[in-house]
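Here is my note on the structure you sent. The points below follow the order in which I would look at them.

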Amino acid sequence: MSSVKPSASPKTDVTLLTGDTPCPWAKEIADSLEKTGYRVHWGRLDQPPPTDQCIISVLDLESPYLHNLPEEKYIDLHSYLTKIGKSRMIWVTRMNQLECSDPNFGIIFGLARTLRNEMGLDISTFETDVFNSATTNGLSRVLDKIERSRASSALDPEYEFAFHNGSIYNGRCHWVSPHSQMPIESLGETPRKLAIKSIGSVDSLYWQPFDDATELTGDEIEIDMHYIGLNFRVH
C-alpha cells in the first residue's frame with residue numbers, strides 16, 4: 001500500500017501556557033520547538049490568549065491543576081478558554097488511560113471532550129509520565145500532526161495522544177453494526193421454553209431448547225402464545 005507523503009506544514013507561533021514560574025521541562029519544550037522552527041511565546045491564564053495559533057498547556061506538569069480548583073483559578077480558566085477563538089490547544093498531562101498513577105489527572109479528559117462537543121473548541125490531550133527529550137520530540141510530532149490535519153480540514157481529526165515506552169498512541173473508535181459482530185443464531189423449528197439462569201434475575205431469562213416428543217391426544221390443545229407478561233419477581 002502506498003500513499004502521498006504529507007507536505008511539511010509551515011511553522012507557526014506557539015504559546016506555552018504555564019503557571020507563575022515555568023518548570024524546567026517547559027523550558028526544554030520551548031527550546032526544542034524553537035529548534036524545529038516554531039516561534040514560542042509564554043502565556044498565563046491571567047493574560048489575553050492568542051486567537052489563531054496553537055497553545056500548549058503545561059499546567060498539569062507539577063500537580064493536577066483541575067483537582068480541587070479554587071474559584072479564582074476556575075474563573076481565570078473559564079475566561080481564557082472562552083477567548084481563544086480559532087486557536088488549538090494541547091493539554092499536556094500525566095498518564096491516565098494506558099496506565100494511571102494518580103486519577104486526579106484524569107479530569108482533563110472529561111473536560112476536553114465536553115469542550116469539544118458543547119463549545120466546539122479544538123482541544124487535544126497529550127499524556128506522559130516521562131519528562132525527557134524523547135517525550136519532547138513526541139510532543140513536537142503530535143503538534144506537527146495536529147497542525148497538518150487542521151490545515152487539510154480533516155473530517156475526523158484526532159484529539160487524544162499518549163506517549164508510552166517511546167511510542168505515541170491514540171485511541172480510535174470505529175462504528176460497526178452489532179449484528180455483524182454478534183450474528184443471531186436461527187432458532188429453527190426446535191421447541192424452546194423460557195428458562196432462567198439466576199433465580200430472581202430477569203436479565204438472565206433465555207429460551208432453552210428442549211425435546212418435546214409429546215403428541216396431542218384426546219381433548220388436548222396447543223396454544224400459540226404471541227404476548228406474555230412478566231413481573232420483576234420470578235418464583
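With which residues is Ser 32 in contact, leaving aside its neighbours within four places in sequence? The points start there; please keep in mind that this is a predicted model.

1. Ser 32. The contacts of Ser 32, once neighbours within four places in sequence are set aside, are Thr 136 and Asn 137. Ser 32 belongs to helix α1, which covers residues 24–35. With a relative accessibility of 14%, Ser 32 counts as buried, because the cut-off for buried is under 20%. Thr 136 is also listed among the buried residues of α4.

2. Gly 37 sits in the loop between α1 and β2 (39–43). Its relative accessible area is 37%, so Gly 37 is partly exposed. The C-alpha atoms of Gly 37 and Lys 11 are 5.8 Å apart in space, although 26 residues separate the two in sequence.

3. Overall layout. The protein chain has five helices and nine strands, in the order β-α-β-β-α-β-α-β-α-β-β-α-β-β along the sequence. Of its 235 residues, 34% count as buried. If contacts in the protein chain between residues at least 6 apart in sequence are taken, 70% of them join residues at least 24 apart. The accessible surface of the protein chain is about 16,000 Å², and carbon and sulfur atoms account for 52% of that.

4. The largest nonpolar core. This core has 23 residues, and Leu 33, Ile 56, Ile 90, Val 92, Phe 126 and Leu 143 have the most contacts inside it. At least two residues each come from β1 (13–17), α1, β3 (54–57), β4 (88–93), α4 (133–151) and β6 (160–164). The largest share, five residues, is supplied by α1. As for Val 92, its contacts beyond four places in sequence are Trp 25, Ile 56, Ser 57, Val 58, Asp 60, Leu 61, Phe 126 and Leu 139. Another core, of 18 residues, lies apart from the largest one and includes Leu 17, Leu 45, Phe 109 and Leu 121.

5. Helix α4. At the start of α4, a side-chain oxygen of Asn 132 comes within 3.2 Å of the backbone nitrogen of Ala 134. The buried residues of α4 include Leu 139, Val 142, Leu 143 and Ile 146, but also Asp 144, Glu 147 and Arg 150. Ser 153, which follows α4, has a positive phi near 55°.

6. Backbone angles. Most residues other than glycine have a negative phi. Asn 68, not a glycine, has a positive phi of about 55°; it lies in the loop between β3 and α2 (71–81) and is exposed, at 63% relative accessible area. Asn 165 likewise has a positive phi of about 55° without being a glycine. Asn 165 is in the loop between β6 and β7 (167–169), and its 70% relative accessibility makes it exposed.

7. Cysteines. How many disulfides does a search of the whole structure find? The search finds zero. Cys 54 is buried, with a relative accessible area of 0%, whereas Cys 100 is partly exposed, at 45%.

Notes: Residues are numbered from 1 along each chain as its sequence is written. This is a predicted model: local features need pLDDT of at least 70, side-chain atom pairs count only at pLDDT 80 or more; totals for chains, interfaces and linings use all residues. Side-chain values use heavy atoms; hydrogens and water are left out. Helices (H or I, at least four residues) and strands (E, at least two) are DSSP runs, numbered from the N terminus. Buried means under 20% relative accessible area, exposed over 50%, partly exposed in between (1.4 Å probe, protein chains only). Contact means heavy atoms within 4.5 Å. A nonpolar core is a set of buried Ala, Val, Leu, Ile, Met, Phe, Trp, Tyr and Cys residues joined through side-chain atoms within 4.5 Å. A polar contact is a pair of N or O atoms within 3.5 Å; within protein, one must be able to donate a hydrogen and the other to accept it, and residues adjacent in sequence count only if both atoms are side-chain atoms. Accessible areas come from the Shrake-Rupley method with a 1.4 Å probe; for residues, only the protein chains shown count as cover. A disulfide is a pair of cysteine sulfur atoms within 2.5 Å.
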